[in-house]
Amino acid sequence: MMVNTTEEQRIGRYGRFGGQYVPETLMTALKELEGAYEDAISDSSFIEEVNYYLKDYVGRETPLYFAERLTKELGGAQIYLKREDLNHTGAHKINNTIGQALLAKRMGKKKIVAETGAGQHGVATATVCALFDLECVVFMGKEDVRRQELNVFRMELLGAKVVSVDKGSGTLKDAVNEALRYWVSNVEETHYILGSALGPHPFPRIVRDFQRVIGVETRRQIVEKVGKLPDAIVACVGGGSNAIGMFHPFVEDKDVALYGVEAGGSGISTGLHAAAVAGGKEGVLHGAYMYILQDDNGFIQEAHSISAGLDYPGVGPEHSYLHDIGRVKYTSVTDAEALEGLQLLSKREGIIPALESAHAIHFGGELAKKMSPEEILVICLSGRGDKDVQTVRDALGVNNIG
Amino acid sequence: MAKVKLLNAIQSVNAQGDKAFVAYMMAGDGGLETLKSKILFLQEAGVTAIELGIPFSDPVADGPTIQLAGERALANGTTLRLILQELEIFYKEVTVPLVFMTYYNPLLSFGLEQFAQACEKLGIAGVIVPDLPVEETVELHKALAHTDVALVPLVSLTSPPDRVAKITASGEGFIYAVTVNGITGVRNGFGDQLEQHFSQLSELSNIPVLAGFGISTPEQVKNMGALADGVIVGSSIVEAFHQNDMEKITGLIQAAKKRV
């Protein structure tokens, strides 16, 4: 599951993106993490341990499911869904937290700090902390605590301490700020399990490598099923962890078109969105040089999306690079379109996707219509929608569910 | 160009047997119209240099006091551009060195070259960027190369000796030695390995070493001053300005003098 180290990756850069823009106090911890990670991935017993938990605890591998009814309805490409929603805890997030928790144990760290938006990464982190007997603190924006009450309780049930962050806009970016402050203050005994392909080097690489299992399995499964690689792959992008995990094993396959779907919120033109590629500028946030939503003074702007998991004003450095070189095409889907995607998949396939994944479903559906029935399209179904049912009900109004 | 303005100011204070005292204040807290009176007050009160905080939306290295001051400044509409405009009105009256403390993104957004030119024009003596470790300083060093604006580096308690050597080698103005593992703000106590840390730092550094983060009382100014060439006091000055408690500020500054 681990991969090549190109020149760029060794110094933590993807083209001009990435880097390590953090307080000096954290530099030693980042170097320690980098060293421990290199050491771990060259140790076959570590890889075996990660794979053991992914199989017997998380339930991997996840199916690559042919969505026959959806395909028929749309009348275009054959649509396959990578079922990351079937993982333990309901999303792809646990692929990364299993790996990072085992890494933390290996480094002798007893405490874990994490940020969470929707709560999926927080739950996945609290879960592995329970599993591996690590103390767990999760920072979550006040607004997200309100939106995702049940996930807060889930984390608490799992033994984590959830700290509500009322600074700034009280959302994911502010939770990351607090998690970084906590890490600076407790750096010697604490590992920060960052949840997306973001942050200072080596986090974007570590998160990508632990999420690559999505793309590696997909590649093998699609060849087994149809005897060839897909023509196109679609994944949603917030910070970008499920997407980078899905895309990375296909980056060199130039005939496989890759599409990243950002959260368009109320529409890019309204300014109320979370599409950092479409509406952002290059800059530095949370340790990395990447595309960021910011104003003319370099102040970071709030992101807006119905999906808490995509509600982040930046997009990870490797995505920024893949956009820059034109390898991945980034596009966006509005809140309203994501809600359509969610209902479509629920009614045609009996699968309620997470609102995040519903962005990919909607774009994937539109793309499939333009493709021929001989062509193959894979959509990464990054998580299940149980957590979003309340939000969706509020957004649709009960009467609109026809 | 040699970076002498800030260095000379500190060394001349040290030459008199006093410790350098750098006061931090948040520009725009209380309104940008108060910037001049606050800077001139600190200058009159005898500070060695003034660290001028530029507010930022996501100040990850700052504790609650400076975060709140930053939020108040942002609510007043304070930006780097407006701070530079305001300074232009009265910079000729400022005789103590001014050092900007700013996160990196506002500088990137402003343009590093433009920032360097603006600093030079206003006689700014230094800049501190808390989210810019030595590995990432190439571009900013380059932009500042032809100015007398020092890029002041931070050294932390967690920096191992080889890093400290690397940081001090390229350091300009002074070394900002962080006294705690943590963010800015008031603290009651410090770790017990500080003495050794500072003696190592002084040995490695050709420029003065100033202690900062968590220094908030005249007693701490004296104690930390004894270990270093001077101190940087932030949160308690920010809070005192906010409460309009000018006596508290003069008391802190006096504690750095040889005789009180």
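How many bridges join β5(A) to β6(A), and do these strands run parallel or antiparallel? In this predicted model, six bridges join the two strands, which run parallel, and one of the residue pairs so formed is that of A:T116 with its bridge partner in β6(A), A:M140. Strand β6 of chain A, which spans residues 135–141, is also joined to β7(A) by five bridges, again in the parallel sense, and here A:F139 has A:V163 as its bridge partner in β7(A). Six of the seven residues of β6(A) are buried, so that the strand is mostly covered.

These strands belong to an open sheet of four, arranged in chain A in the order β7-β6-β5-β8 with parallel pairing. Because β7 (161–165) and β8 (190–192) of chain A stand at the edges and have a single partner strand each, one side of each is left without a neighbour in the sheet. Neighbouring strands of the sheet are turned by 25° against each other on average, when direction is ignored. Helix α6 of chain A (residues 120–132) packs on this sheet, where it touches β5 (111–116) and β6 of chain A, and its direction makes about 165° with that of β5(A).

Chain A also holds an open sheet of six strands, in the order β3-β4-β15-β9-β10-β14, and its pairing is mixed. The edge strands, each of which pairs on one side only, are β3 (64–66) and β14 (328–333) of chain A. Within this sheet, β9 (residues 232–237) and β15 (residues 376–381) of chain A pair in the parallel sense over three bridges, and A:I233 finds its bridge partner in β15(A) in A:V378. Helix α10 of chain A (residues 203–226) packs on the sheet and touches β3, β4 (78–83) and β15 of chain A, with a direction that makes about 140° with that of β4(A). Helix α15 of chain A (residues 355–370) lies across β4, β9, β10 (257–263), β14 and β15 of chain A, and runs at about 150° to β9(A).

A:R219 forms a salt bridge with A:D253, in which the closest N and O atoms are 2.3 Å apart. This pair links distant parts of the chain, since A:R219 lies in helix α10 of chain A and A:D253 in the loop between α11 (241–247) and β10 of chain A, 34 residues apart. A:R219 counts as partly exposed at 29% relative accessibility, whereas A:D253 counts as buried at 17%.

Over all chains, 41 salt bridges are found. In one of these, the side chains of A:D311 and A:R147 meet at 3.0 Å, N to O. Because A:D311 lies in the loop between β12 (288–292) and β13 (314–315) of chain A and A:R147 in helix α7 of chain A (residues 142–147), the pair ties together parts that are 164 residues apart in sequence. A:D311 counts as buried, with 6% relative accessibility, while A:R147 counts as partly exposed, with 27%.

In soluble globular proteins, nonpolar side chains tend to be buried together. The largest nonpolar core of the model has 99 residues, among which B:F21, B:L35, B:I39, B:L87 and B:F100 touch the most other members. Helix α6 of chain B (residues 112–122) gives the most to this core, with six residues, and a second, separate core of 70 residues includes A:A36, A:V113, A:V184 and A:I292. In helix α11 of chain B (residues 235–243), B:S235, B:S236, B:I237, B:V238, B:A240 and B:F241 are buried, and the elements that cover the buried residues of α11(B) include β1 (20–26), α2 (35–45) and α3 (64–75) of chain B.

The contact between the two chains takes 36 residues from chain B and 34 residues from chain A. The area buried between them is about 2,700 Å², and carbon and sulfur atoms give 51% of it. Four salt bridges are counted between chain B and chain A, and in a salt bridge of 2.8 Å, N to O, the side chain of B:R163 meets that of A:E24. Both residues belong to a network of salt bridges that also links A:K31, B:E135 and B:K166.

Methods
Residues numbered from 1 in each chain as written. Chains lettered and ligands numbered in written order. Predicted model: local features only at pLDDT ≥ 70, side-chain atom pairs only at ≥ 80, totals over all residues. Heavy atoms only, no water. Core = buried A, V, L, I, M, F, W, Y, C linked by side-chain atoms within 4.5 Å. Buried < 20%, exposed > 50% of the residue type's maximum accessible area, 1.4 Å probe, protein only. Pairing = 2+ DSSP bridges. Contact = heavy atoms within 4.5 Å. Axes fitted to C-alpha atoms, helices over the stretch in contact; angles between N-to-C directions. Buried area = accessible area lost by both parts, 1.4 Å probe.
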